[in-house]
Amino acid sequence: MKIQSQLWLVLTVLFLATSLGVYLVVADAYEERLQASYEQVAFAQGAALLEDFAQVYPESPQRLMGYLQKYSEQLQARLIILDAEKKVFADSFEVLPPKTRLELAVLNKGEGYASHFAQTDAFGYVQYTLLPFGQAAGYLLLIQEAEALSAELSTFRSWMLRVLSLAVVILFLLSYVVAAWLTEPIRKIIAALKQITPRKRVFALTYRRQDEIKELIEAIAGMVAELNLYDERQRRFLSTSSHELKTPLATMQLILENLPYVRSDEERFQEFTQDLVFQVQKMKQMVEQLLQIMRLGDRPLQKEDVSARELKEHLLQVFQYLAQQQDVTLEFELQDVTFHVDRQLFLRALDNLVANAIRYSPRGKTVRIAVKREQGAKVISVCDQGIGIAAEELPRIFEPFYRANDATAWNQEGSGLGLAIVKQIAELHQGQITVESVPQKGSCFHLRLPAK
Ligand SMILES: Nc1ncnc2c1ncn2[C@@H]1O[C@H](COP(=O)(O)OP(=O)(O)O)[C@@H](O)[C@H]1O
Ligand SMILES: [Mg+2]
């Protein structure tokens with residue numbers, strides 16, 4: 001069922017229930033008020049007679065009967081005198097014999113004046129009024145028909161019923177309009193969402209009310225923008241990747257095409273095949289790194305504790321030999337810090353940073369790896385005394401495939417993907433990677449992870 005219809009239904013049911021409640025309460029209150037006014041009249045009528053009855057009851061039943069019949073005619077009522085035990089003493093209609101016990105609700109209503117209304121089969125709507133007299137040695141019971149009250153009541157009821165029915169019908173129509181008005185933005189959102197295709201991803205809706213729907217629209221717009229950005233990045237990444245892969249392929253093709261002509265020249269032939277191997281290795285590394293980048297976010301992080309000491313052991317194991325070869329000294333400065341990270345990814349990020357530091361350092365220099373705790377963060381710094389990075393290139397080095405000019409001149413190897421991987425890993429851990437660098441002096445990369 002549509003939300004609009006649901007809303008309509010709920011509102012209508014609500015209105016109906018409210019109307020019914022109002023009807024019951026108001027009709028009841030009205031009936032009570034009417035009865036109260038009838039009651040006052042009957043009390044006044046009855047009280048006016050009591051003195052006469054008190055004079056002749058119970059000594060002169062004859063005269064009492066005379067009074068009863070006179071007043072019965074006057075008031076158009078049946079009058080009954082009851083004795084102290086509320087049994088019949090005399091009845092103006094002369095139907096009830098003395099000592100009859102009556103079963104009337106009004107008889108059980110305490111000691112003072114009392115009145116009671118009831119619907120009877122024989123006489124219709126009837127009012128009973130009980131008035132004690134002579135220190136309650138006797139009672140006067142007044143029985144009057146109250147059809148007028150009943151008629152007034154039913155007129156009022158039917159009038160109210162009509163008014164309320166009209167109100168319900170109006171509210172029924174009104175709630176349709178309200179429901180349509182409330183759900184209109186939802187229909188608009190659905191329509192706008194249906195407009196979105198893979199080709200044309202725009203979500204624009206003007207909406208003025210300040211409510212949750214506004215938040216929803218903004219959230220969707222944000223999501224669509226994000227999606228477009230992601231899409232754009234993916235597309236750029238794909239085209240750069242293919243382009244970057246084409247370069248070594250073109251070189252390889254050139255070498256292979258020329259290979260037959262240098263077959264006789266042993267030295268050149270060696271050179272060519274070495275170049276070939278180099279290009280293949282480069283491509284292989286690039287493809288591996290590409291795969292890594294693609295898969296980084298695929299599985300959830302498997303976090304575990306990695307101590308600064310483990311970290312040092314790992315780096316020594318991986319880089320000791322390479323550092324010796326390049327005549328670069330590895331130095332460590334470790335505080336007792338434990339990282340709660342995905343070990344595999346975390347070490348991969350570090351490997352990339354240290355590999356860069358060694359790669360872009362001249363012989364005889366030092367690479368220093370420091371682990372320390374800062375306020376709210378745990379930081380690993382990898383600092384070198386290498387070629388450094390020009391200030392204008394700094395912002396770009398974390399982009400995939402970006403290699404600074406100095407770096408390409410310095411070293412043919414490298415894909416430009418390493419730092420992009422580091423950055424992604426840092427972000428997966430809610431951390432960040434920053435760099436400071438002075439050309440010809442050296443660079444410092446800081447990997448900062450939240451302390452908890
Ligand atoms: N320690 C460093 N010293 C100087 N330049 C660096 C250093 N680390 C990274 N760079 C610069 O950042 C670029 C991107 O680094 P990276 O993504 O690891 O790619 P690469 O495969 O070239 O090492 C490098 O090409 C280089 O220009
Ligand atoms: Mg690198």
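The bend at a residue is taken as the angle between two axes, one fitted to the seven residues ending there and the other to the seven starting there. By this criterion, helix α6 (residues 308-326) of the predicted model contains a kink of about 50° centred on Phe319. Phe319 is also among the buried residues of α6, together with Ala308, Leu311, Leu315 and Ala323. The packing partners of these buried residues are β6 (303-307), β7 (329-334), α7 and β9 (366-374). Just beyond the helix, Asp327 adopts a positive phi of about 60°.

At the level of the whole chain, the domain assignment gives domain 1 (3-154) and domain 2 (298-450). A distance of 101 Å separates the C-alpha centres of domain 1 and domain 2.

Within strand β5 (residues 138-145) lies Leu140. This residue is classed as buried because 22 C-beta neighbours fall inside 10 Å, against a cut-off of 20 or more. Apart from residues up to four places away in sequence, Leu140 touches Gly46, Leu49, Leu50, Phe53, Leu79, Ile81, Leu131 and Phe133. The C-alpha atoms of Leu140 and Asp83 are separated by 9.0 Å, although the two residues stand 57 residues apart along the chain.

Several backbone features occur in loops. Most residues other than glycine have a negative phi, and most peptide bonds are trans. In the loop between α1 (3-56) and α2 (61-75), where Pro58 is placed, the peptide bond from Tyr57 to Pro58 is cis, with omega near -5°. Gln76, in the loop between α2 and β1 (78-83), has a positive phi near 55°. Gln76 counts as exposed because 8 C-beta neighbours lie inside 10 Å, the limit for this class being 12 or fewer. A positive phi, near 65°, is also found at Lys86, which is located in the loop between β1 and β2 (88-91). Lys86 has 19 other C-beta atoms within 10 Å and is therefore partly exposed.

In helix α9, Leu428 is likewise partly exposed, with 17 C-beta neighbours inside 10 Å. Once neighbours within four places in sequence are set aside, Leu428 is in contact with Leu296, Gly297, Leu301 and Leu345. The C-alpha atoms of Leu428 and Leu9, 419 residues apart along the chain, are 48 Å from each other.

Notes. Residues numbered from 1 in each chain as written. Chains lettered and ligands numbered in written order. Predicted model: local features only at pLDDT ≥ 70, side-chain atom pairs only at ≥ 80, totals over all residues. Domains from an automatic or database assignment. Helix = DSSP H or I, 4+ residues; strand = E, 2+ residues; numbered from the N terminus. Contact = placed C-beta atoms within 7 Å.
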